[in-house]
Amino acid sequence: MRHRQAIALLALVGLFVAVYLWLHAIGIGGAIKCGASGGCEVVQTSRWAVFLGQPVALYGVIGYVVILIVALAALRPVALVQRGWGVLLVGLATVGALFTAYLTYLELFVIHAICRWCFGSAMIITLIWIVSLAALRRPFAAPSPPPSSPP
Amino acid sequence: MAEGSGGLNRFYVVLGALAVLLGATLFVLLRSGGGSTAAAAGPPHAVVDDGFRGYTLGEGHAPVEIVEYVDYECPICAQFATIQMPTIRQQLIETAKVRWRVRDYPLSIHQYSRYAAHATQCGGEQGKFWEMQDQLFYNHAWAQTGRNPGRLFHDLAKAAGLNVDQYDACMASGKYASRIEFSREEGDSLLVDGTPTFFLGGKKLVFRRLPTSDAHTPPPPPPPPPPAAKTAQPHERH
């Protein structure tokens, strides 16, 4: 339960970062210019900042929303004992972590600039992935038998 | 079980509080433009007002003057100079609708911005400010490598048509460093918070997005004459 709670909290923080980056990418919240935030402008205006016609940050928003919803659904008492939710969370986190790894590779070796917000998101999805794996390794408690009255 | 649901309730309270906190932070960040503050001064320079107020492009009698504060290492400035500026130059400056003035605003986060600004000033000394500026912006890969661009700038000065001996002497003297710092301080006093920043008649212009070349769609061509009229013409001649 603690693992899924941690995943939900991390997903919420990740959602905040992704929403902020997405709003910036679509021109809300600050002019697009070079300022004190350094590499974010370089990354956000590079040609890799758009994927399938949409800002990359939008996929982050969608990803974190899905992970948050699944983590909350997995916290329902009936779902707590079902291993499938844990597997689903690992799957989602793996996809997110792989996509983030690709983006971080682009930042480091192709764009040669690091956006601290993107780096923050990379840390969050990595943590989610680690926590989801750790949750899966823990033995799942068998569903507690219904209370029975003594004969 | 009661303990479990109590724990869950506490979790939902924490989750809700975190959501409110993050939402408020997002609101503040967006209102403040992402925390971009005026760049701190770099290494201190003796600042002397030599009366220089930037190189201009366009007619002196143009009804409008736009002042651009520029940082040569800034990718957005390079993007603006190479994508948007040619159109502005052709449609507004060469038609005497606008006069363009460039002022230096080297950001402290960029290692070679002052050096590049000085290179343009040394170009200006030989009457080739704009040529040198174009060289720096159109060959902007130097701004991504982090390597000392001194040798490259020497070659770019040559490509811009400068007398390279005079250019080298100018760069070695550092005689325009004070002028560049004066311009940056002037930008600070006007609340320039990044580059490029534009002023029109003293009013700061704020662009939420710079249009990309793809976003710039030329006006549709005039519709062709109707086919009937086209085919009718030869008949009319007969």
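User: What is the handedness of the disulfide between B:Cys122 and B:Cys170, left-handed or right-handed?

Analyst: This is a predicted model, in which local features need pLDDT of at least 70 and side-chain atom pairs count only at pLDDT 80 or more, while totals for chains, interfaces and linings use all residues, and side-chain values use heavy atoms, with hydrogens and water left out. Residues are numbered from 1 along each chain as its sequence is written, with chains lettered from A and ligands numbered from 1 in the order in which they are written. The sulfur atoms of B:Cys122 and B:Cys170 are 1.9 Å apart, and a disulfide is a pair of cysteine sulfur atoms within 2.5 Å. The torsion about their S-S bond is about -80 degrees, so the disulfide is left-handed.

User: How many residues apart in sequence are the parts that the pair B:Cys122 and B:Cys170 ties together?

Analyst: Helices (H or I, at least four residues) and strands (E, at least two) are DSSP runs, numbered from the N terminus. B:Cys122 lies in helix H3 (residues 113-125) of chain B and B:Cys170 in helix H7 (residues 164-173) of chain B, so the separation of the parts tied together is 48 residues.

User: Is B:Cys122 buried or exposed?

Analyst: Buried means under 20% relative accessible area and exposed over 50%, with partly exposed in between (1.4 Å probe, protein chains only). The relative accessible area of B:Cys170 is 1%, which places that residue among the buried ones. For B:Cys122 the value is 0%, and this residue is therefore buried.

User: Which residue is in contact with B:Ala119, B:Cys122, B:Met132 and B:Phe153, among others, leaving aside neighbours within four places in sequence?

Analyst: Contact means heavy atoms within 4.5 Å. The list of partners also includes B:Gln126, B:His154, B:Ala157 and B:Leu162, and the residue that they share is B:Tyr167.

User: How many of the ten residues of helix H4 (residues 129-138) of chain B are buried?

Analyst: The buried residues of H4(B) include B:Phe129, B:Trp130, B:Met132 and B:Leu136, and B:Gln133 and B:Gln135 are also among them. The helix is mostly covered, and the number of buried residues is seven.

User: Which residues point the other way from B:Val98, B:Trp100, B:Val102 and B:Asp104 in E3(B)?

Analyst: In a regular strand the side chains alternate between the two faces of the sheet. Strand E3 (residues 98-104) of chain B is mostly covered, with seven of its seven residues buried. Those that point the other way are B:Arg99, B:Arg101 and B:Arg103.

User: Do strand E2 (residues 64-70) of chain B and E3(B) run parallel or antiparallel?

Analyst: Two strands pair if DSSP finds at least two bridges between them. Strand E1 (residues 55-57) of chain B is joined to E3(B) by three bridges and runs antiparallel, with B:Trp100 as the bridge partner of B:Leu57. Strand E2 is joined to E3(B) by seven bridges, and the two run parallel.

User: Which backbone oxygen lies 2.8 Å from a polar atom of the side chain of A:Arg4?

Analyst: A:Arg4 is found in helix H1 (residues 2-25) of chain A. This arginine, A:Arg4, is buried, with a relative accessible area of 4%. The oxygen in question is that of A:Ala74.

User: What is omega for the cis peptide bond that joins B:Thr195 and B:Pro196?

Analyst: Most residues other than glycine have a negative phi, and most peptide bonds are trans. B:Pro196 has its place in the loop between helix H8 (177-189) and strand E4 (197-200) of chain B. For the cis bond between B:Thr195 and B:Pro196, omega is about -5 degrees.

Conventions. A polar contact is a pair of N or O atoms within 3.5 Å; within protein, one must be able to donate a hydrogen and the other to accept it, and residues adjacent in sequence count only if both atoms are side-chain atoms.
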